[in-house]
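The following report looks at side-chain contacts and their surroundings, with the cut-offs stated where each term is used.

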Amino acid sequence: MVLQLFKTLHRTRQQVFKNDARALEAARIKINEEFKCNKTETSAKKIEELIKIGSDVELILRTSVIQGIHTDHNTLKLVPRKDLLIENVPYCDAPTQKQ
């Protein structure tokens with residue numbers, strides 16, 4: 001379970017930060033650092049908690065992070081991945097309240 005999460009985080013990192021060597025390296029270091037820091041953990045409850053945190057991080061990276069590329073002095077070009085693109089949902093200025 002832990003090794004699977006480790007591999008999944010690294011695969012997601014490679015997709016999310018594709019063509020950005022600096023971000024790829026920073027994410028690689030952070031993932032490895034977090035796993036190394038907690039490798040001696042023996043408490044099943046704490047391990048379960050850490051796995052949940054890692055899974056949440058992977059989900060956020062995969063579904064929320066959009067890569068931006070500097071094109072000019074004050075301009076960024078956004079590069080969304082296909083899995084981030086969703087159907088066009090109309091915007092509503094006056095949302096209805098849930099009852």
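## Side-chain contacts

Asp-56 is partly exposed at 31% relative accessibility, where buried means under 20% relative accessible area, exposed over 50% and partly exposed in between (1.4 Å probe, protein chains only). The model is predicted, so local features need pLDDT of at least 70 and side-chain atom pairs count only at pLDDT 80 or more, while totals for chains, interfaces and linings use all residues. Residues are numbered from 1 along each chain as its sequence is written, and side-chain values use heavy atoms, with hydrogens and water left out.

A search of the whole structure gives 5 salt bridges, each being a side-chain nitrogen of Lys or Arg within 4 Å of a carboxyl oxygen of Asp or Glu; the table lists some, including the one formed by Asp-56.

| Salt bridge | N to O distance |
|---|---|
| Asp-56 and Lys-52 | 2.9 Å |
| Arg-62 and Glu-58 | 2.9 Å |
| Glu-34 and Lys-30 | 2.9 Å |

Asp-56 and Lys-52 are 4 residues apart in helix H3 (residues 44-64), and therefore about one helical turn separates them; helices (H or I, at least four residues) and strands (E, at least two) are DSSP runs, numbered from the N terminus. Arg-62 and Glu-58 also lie in helix H3, 4 residues apart, with Arg-62 partly exposed at 30% and Glu-58 buried at 9% relative accessibility. Salt bridges with shared partners join Lys-30, Glu-33 and Glu-34 into one network.
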